[in-house]
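Subject: Structure handover

Hello,

Here is the structure for your files. My notes on it come after the sequence and coordinates.

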Amino acid sequence: MRTYIYAFIISGMLCNCSKKNETSFLQRNTVSLAQPRVVASNNLIDSFVTIEASLKLDGVSIHYTSNGKEPTLLSPKYNHPIQASEPIIYKFKAFHRDWNSSETMELPLYKKGLNVDTIVWHTNPNEKYAGQGQRTLINDKLASFIFSDSQWVGFDSTAAATISFKKKTFVESISLRYLNDMASWIFPPESVSVYINEEPFYKSTTSSELLKELLPREIKSINIPIEKEVTSLRIEVNNLKSIPAWHEGQGQKAWLFMDEWILN
């Protein structure tokens, strides 16, 4: 009887060990890596910037692309800081033999824009998200993905301002950067209007395709061609007045967050 009991206990221990190993194996092949941490010395390029990527986990390799494609294990491997001198989008992804690959981390780089002499605001941001003051959107500094970053300016209504130059200046284009973080009620702009020297020049509205489902948090740009000599540009960016029905905030006004207006 005693021998039978010992055999039963040993059998149970082996069974439990087998289950633990199986469970551990399943977990390691279903868990995804965190995104790599990617930092640039500046996202606005004057001469060049330095990019560093990291993920503190043994056995991880980070791969990247700068051609618009998704990184794979065949893409260049990140081994040391990268120097970039052209506006481009870098994509980074982490890989490990025991876990699923991470989501892609995108790092867009922009050409440093023209220096604006003055900015006059016709509306005010929400006092909780006033950024660094009136020149936040033209201070050559970009925000992180965190909406509490002080480089974001948050509006719960229209954002309207006029930017001016001391003399006529050729403006090729303007890029309006905004945060898309639908889980935090921060949506793309509903519409954008541009006036040149107080004359209507451009108007666009957000595609309904962007509002059909909850999208990942991302920083996007609206790029508007100008191709004119100007002394002033009045820009009006309207927030989404009614959050879609599929969202928990349906029917409410959405937040509008911007961090830089870049003129080239």
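The notes below go from the whole chain to the cores, the rings, the sheet pairings and one serine.

This is a predicted model, so local features are given only at pLDDT of at least 70 and side-chain atom pairs only at pLDDT 80 or more, while totals for chains, interfaces and linings use all residues. Residues are numbered from 1 along each chain as its sequence is written, and side-chain values use heavy atoms, with hydrogens and water left out.

Overall

The protein chain has one helix and 15 strands. Helices (H or I, at least four residues) and strands (E, at least two) are DSSP runs, numbered from the N terminus. Of the 264 residues, 41% are buried; buried stands for under 20% relative accessible area, exposed for over 50%, and partly exposed for what lies in between (1.4 Å probe, protein chains only). The chain exposes about 15500 Å², of which carbon and sulfur atoms supply 51%. Those areas come from the Shrake-Rupley method with a 1.4 Å probe, and for residues only the protein chains shown count as cover. Taking contacts (heavy atoms within 4.5 Å) between residues at least 6 apart in sequence, 72% join residues at least 24 apart.

Cores

A nonpolar core here is a set of buried Ala, Val, Leu, Ile, Met, Phe, Trp, Tyr and Cys residues joined through side-chain atoms within 4.5 Å. The largest one has 29 residues, and Ile-163, Ile-174, Leu-176, Val-237, Met-258 and Trp-261 have the most contacts inside it. At least two residues of this core come from each of strand 9 (118-121), strand 10 (153-155), strand 11 (159-180), strand 12 (191-196), strand 14 (218-238) and strand 15 (256-263). Strand 11 gives the most, eight residues. Leaving out residues up to four places away in sequence, Ile-163 touches Val-116, Thr-118, Ile-119, Ile-138, Ile-174, Thr-231, Ser-232, Leu-233, Ile-235 and Leu-263. Another core lies apart from this one; it has 18 residues, including Leu-33, Ile-51, Ala-53 and Tyr-64.

Rings

The whole structure holds 12 aromatic pairs. Rings of Phe, Tyr and Trp (its six-membered ring) pair if their centres lie within 6.5 Å; planes under 30 degrees apart are stacked, over 60 edge-to-face, and the rest tilted. Tyr-64 and Tyr-90 have ring centres 6.3 Å apart and planes at 45 degrees, so this pair is tilted. Tyr-64 sits in strand 4 (residues 61-65) and Tyr-90 in strand 6 (residues 89-95), so the pair links parts of the chain 26 residues apart. Both Tyr-64 and Tyr-90 are buried. Ring pairs also link Tyr-64, Tyr-78, Tyr-90 and Phe-92 into a cluster.

Sheet pairings

Strands pair if DSSP finds at least two bridges between them. Three strands make an open, antiparallel sheet in the order 1-3-5. Strand 1 (37-40) and strand 5 (82-84) are at the edges with a single partner strand each, so one side of each has no neighbour in the sheet. From one strand to the next the twist averages 25 degrees; axes are lines fitted to C-alpha atoms, for helices over the stretch in contact, and angles run from 0 to 180 degrees between N-to-C directions. Strand 3 (residues 49-54) is joined to strand 5 by three bridges, and Ile-51 stands opposite Ile-82.

Strand 11 is mostly covered, with 17 of its 22 residues buried. Its antiparallel pairings are these:

- With strand 9, over four bridges; Ile-163 is the bridge partner of Ile-119.
- With strand 14, over 17 bridges; Val-171 stands opposite Lys-228.
- With strand 15, over five bridges; Arg-177 stands opposite Glu-260.

Strand 12 runs antiparallel to strand 13 (residues 199-205), joined by six bridges, and Val-192 stands opposite Ser-204. The two strands form a hairpin with two residues between them, and Asn-197 in the turn has a positive phi of about 50 degrees.

Ser-191

Ser-191 is found in strand 12. Is this serine buried or exposed? Ser-191 is buried, with a relative accessible area of 9%. The C-alpha atoms of Ser-191 and Val-237 are 6.0 Å apart, although the two residues are 46 residues apart along the chain.

Regards
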